[in-house]
Amino acid sequence: MPKMGESITEGTIINWLVSDGDTFEEGDIILEVATDKVDNEVPAPASGTLLETKYQAKDVVKVGEVIAILEVEASSSKQKSKEETVITSNKSEKPNSKRKPKKEHKQSYIEQSVSSSLGKSEGALFFSPLIIKIAKEQHISFEELARIPATGHEGRLRKSDVFQYLEDGRPYKFAQPIAEKDPTAYRIPQLQFDKGKGKVIEMDRMRQMIADHMVYSKHTSPHVTAYVEADLTNMVNWRNANKVAFQDKYGERLTFTPLFVEAVAKAVKDFPNINASVDGNNIIIKEDINIGMATALPSGNLIVPVVKNADTKDLKELAANVNELAGKARENKLAGDDIKGSTFTISNVGTFGSVMGTPIINQPEVAILALGIIKKRPEVIETEHGDEIAIRSMMYLSLSFDHRVVDGFLGGSFVRRVADYFEQFDVNRII
């Protein structure tokens, strides 16, 4: 499994384009691999024949593990004789695969541990490295893990199964082989809901990942939302007066997004503790300010391309960066690095006409800002002649933050500072 990004540690095989025994030319696409939310094509390193595939479609494989054996032509590899080339991963062999796993392999240890702890002899259980990682983070034993109802292929435990189990209160946390029922104890009710009848649509892979991420975020972070409203009249008027000249001068469209990113990056510098993540009992304050932009794809799914080092870029660079990422998103051409490294996320819910929103935190960040629709309405303003009613362009801002590490003072102060930067926009700014 090749490495497809700086922070990519595993990939999901989407489809093999070459079957066992088929020949291929150097550069031909052998398979498609999904990493997080981006699909990648893996080309053949040289001409040759595919001898054996070790993993099938939908298998999750770690970077560096053998996923196939290729026989490469000597002329392609510039060697005197044919050689076998491997594409590699650290994931254990899946059950019933053609190659028998070694005794010292990680999977065997896990299978033996679970089987012995449960006293089972009818076969071993398999847990992916991702499931094991989550289990360690949540202090779930292998015995408890083995009791969780699995909905994956061939009875495999999925990440969403574990999160649902955690959301249900871990009913098997203190499970005992033999235990008398306490009639006074509280038990999670096993409710059978009538889900109704209608057209059944299976979630695609990205929608499943979004569902897992959202459930995980709500389970992990106690969400609190703070609201403020801002007068964007100066910003709106300035943009309307300069957007044509800006495009003529720089060749870039001037939307509101780069203006929002600019103001948010300034506020993050003022309140660096909002630019953080949680690692156990530690808080990591990020050095870089990378602003993620929640973006809807043509399919309706959600993705978060990232403006890297937003605080170091001028408006021209921000506009170019935002336009490039938005264009890639529309064309489904975002690369793995385009959606990695975000430290704070904004979601422009006003694009869809929403007045405000209560966004879910983009893990492992500790806050996310939703920007509502810019709406004209009468407002009381102070002038040299006293209070007057005027038509102003107003917006609601809502900040969801992780109350484990962000208190109301920090959250409220930060979102107020963003609103201040919006309201204090320089109408005499030169492009």
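Trainee: What makes the pairing of the E144 and Y165 side chains a polar contact?

Mentor: This is a predicted model, and in it the side chains of E144 and Y165 are joined at 2.5 Å. The cut-off for a polar contact is 3.5 Å between N or O atoms, so the pair qualifies.

Trainee: Where is E144 placed, and why is E144 called buried?

Mentor: E144 sits in helix α4, residues 142-146. Its relative accessibility is 3%; buried means under 20%, so E144 is counted as buried.

Trainee: What lies 3.1 Å from the backbone nitrogen of E144?

Mentor: A polar atom of the S141 side chain does. S141 belongs to the loop between α3 (129-137) and α4.

Trainee: Why is S141 called partly exposed?

Mentor: The relative accessible area of S141 is 39%.

Trainee: Is R170 buried or exposed?

Mentor: R170 is buried, because its relative accessible area is 13% and the cut-off is under 20%.

Trainee: How many salt bridges are counted, and which residues share partners in one network?

Mentor: The count is 13 salt bridges. One of them joins the side chains of E379 and R377 at 2.8 Å, N to O. Salt bridges with shared partners connect E229, R377 and E379 into one network.

Trainee: What is the N to O distance between E52 and K54, and why is K54 called buried?

Mentor: The salt bridge between the E52 and K54 side chains has a distance of 3.0 Å, N to O. K54 has 7% relative accessibility, under the 20% cut-off, so K54 is classed as buried.

Trainee: Which residues form the nonpolar patch on the surface, and why does Y227 count as partly exposed?

Mentor: Y227, V355 and M356 form that patch, with about 260 Å² of accessible area together. Y227 lies in strand β9, residues 223-231. Its relative accessibility is 41%; buried is under 20% and exposed over 50%, so Y227 counts as partly exposed.

How values were computed. Residues are numbered from 1 along each chain as its sequence is written. This is a predicted model: local features need pLDDT of at least 70, side-chain atom pairs count only at pLDDT 80 or more; totals for chains, interfaces and linings use all residues. Side-chain values use heavy atoms; hydrogens and water are left out. Patches are made of residues with over 30% relative accessible area and no salt bridge: like charges are joined within 9 Å, nonpolar side chains (Val, Leu, Ile, Met, Phe, Trp, Tyr) within 5 Å. Accessible areas come from the Shrake-Rupley method with a 1.4 Å probe; for residues, only the protein chains shown count as cover. A salt bridge is a side-chain nitrogen of Lys or Arg within 4 Å of a carboxyl oxygen of Asp or Glu. Helices (H or I, at least four residues) and strands (E, at least two) are DSSP runs, numbered from the N terminus. Buried means under 20% relative accessible area, exposed over 50%, partly exposed in between (1.4 Å probe, protein chains only). A polar contact is a pair of N or O atoms within 3.5 Å; within protein, one must be able to donate a hydrogen and the other to accept it, and residues adjacent in sequence count only if both atoms are side-chain atoms.
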